Amino acid sequence: MRGPPSRTVTCYVCGSKFTVHQKLVVTKRDTELVPDPDACPFCDTPLKTIGALGEGEAKGLALLAAGFPDEVKAYGKPEDYLEEFTLTEKDVDTLVELAEGVDFAAWAEDNAQRLARRKSPRVQAVQRFLPKLQSRMENGELPGRLRQAAEHVKDVYRKRRERHLAIFEKRQKQR
């Protein structure tokens, strides 16, 4: 049985390139593909990939920061969401900017079109929540919460980066 092909990855901390293979791990209960290595061999940063940041992630972050129940249940806090969907401080800034720039009129129109085609309890709930979300964005409450979450995550990323760059430098000296 063949797994997905190997791929070259660039570490988001030290910038090193390395090959990641998909290793088939068989246990008594399950068979799964596991990346090998699961961390950068040069600085030990855990392997993590993310998709392109876009409107969907921005809307999810805005809903979560405003306290939309489904998002809170799925992701917890905005800080957790940011850590799940970003790798770097630049990614955090990008996602927060996208969330702050959401077009509420277009979002409401899109929801109305979706609901005209097919009823969806989630889309209906979001549609009802949008005025509250928009008012929190306009009164500054939501941008403040987003910036607070972003600063926390960026601080975590800075500390992680420093720690892993120290490992990278130590390994470079040993060569």
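Reply: A residue is buried under 20% relative accessible area, exposed over 50% and partly exposed in between (1.4 Å probe, protein chains only). Keep that scale in mind. The model is predicted, so local features need pLDDT of at least 70 and side-chain atom pairs pLDDT 80 or more, while totals for chains, interfaces and linings use all residues. Residues are numbered from 1 along each chain as its sequence is written, and side-chain values use heavy atoms, without hydrogens or water.

Start with the overall layout. The protein has seven helices and three strands. Helices (H or I, at least four residues) and strands (E, at least two) are DSSP runs, numbered from the N terminus. Along the sequence the order is β-β-β-α-α-α-α-α-α-α. The C-alpha atoms fill a box of roughly 60 × 40 × 25 Å along the principal axes. Of the 175 residues, 35% are buried.

Now the part itself. The loop to look at runs between strand S3 (31-36) and helix H1. Begin where S3 stops. Asp36 and Pro37 are joined by a cis peptide bond, with omega about 5°. Pro37 belongs to this loop. Most peptide bonds are trans.

Move along to Phe42. Phe42 sits in the loop between S3 and H1. Is Phe42 buried or exposed? Its relative accessible area is 19%, so Phe42 counts as buried. What does Phe42 touch? Contact means heavy atoms within 4.5 Å. Neighbours within four places in sequence are left aside here. Phe42 then meets Cys14, Ser16, Lys17 and Phe18. Phe42 also meets Ile167, Phe168, Arg171, Gln172 and Arg175. Phe42 and Asp30 are 12 residues apart in sequence, yet their C-alpha atoms are 31 Å apart in space.

Next comes Asp44, in the loop between S3 and H1 as well. Asp44 is partly exposed, at 34% relative accessible area. Look at its backbone. Asp44 has a positive phi of about 70° although it is not a glycine. Most residues other than glycine have a negative phi.

Just after H1, Gly67 takes a positive phi of about 90°.

Gly60 is buried, at 7% relative accessibility. Leaving out residues up to four places away in sequence, Gly60 touches Glu71 and Tyr81. Compare Gly60 with Trp107. The two are 47 residues apart in sequence and 12 Å apart in space, C-alpha to C-alpha.

Both of these leads point to aromatic rings. Rings of Phe, Tyr and Trp (its six-membered ring) pair if their centres lie within 6.5 Å; planes under 30 degrees apart are stacked, over 60 edge-to-face, the rest tilted. By this rule there are five aromatic pairs. One of them joins Phe104 and Trp107, and this pair is stacked: 6.2 Å centre to centre, with 20° between the planes. Phe104 is buried, at 10% relative accessible area. Trp107 is buried too, at 4% relative accessibility. Tyr81, the contact of Gly60, joins a cluster: ring pairs link Tyr75, Tyr81 and Phe85.

One last stop is Thr86. Thr86 lies in the loop between helix H3 (78-85) and helix H4 (89-100). With a relative accessible area of 0%, Thr86 is buried. Setting aside neighbours within four places in sequence, Thr86 contacts Lys48, Ile50, Asp91, Val92, Leu95 and Tyr157.
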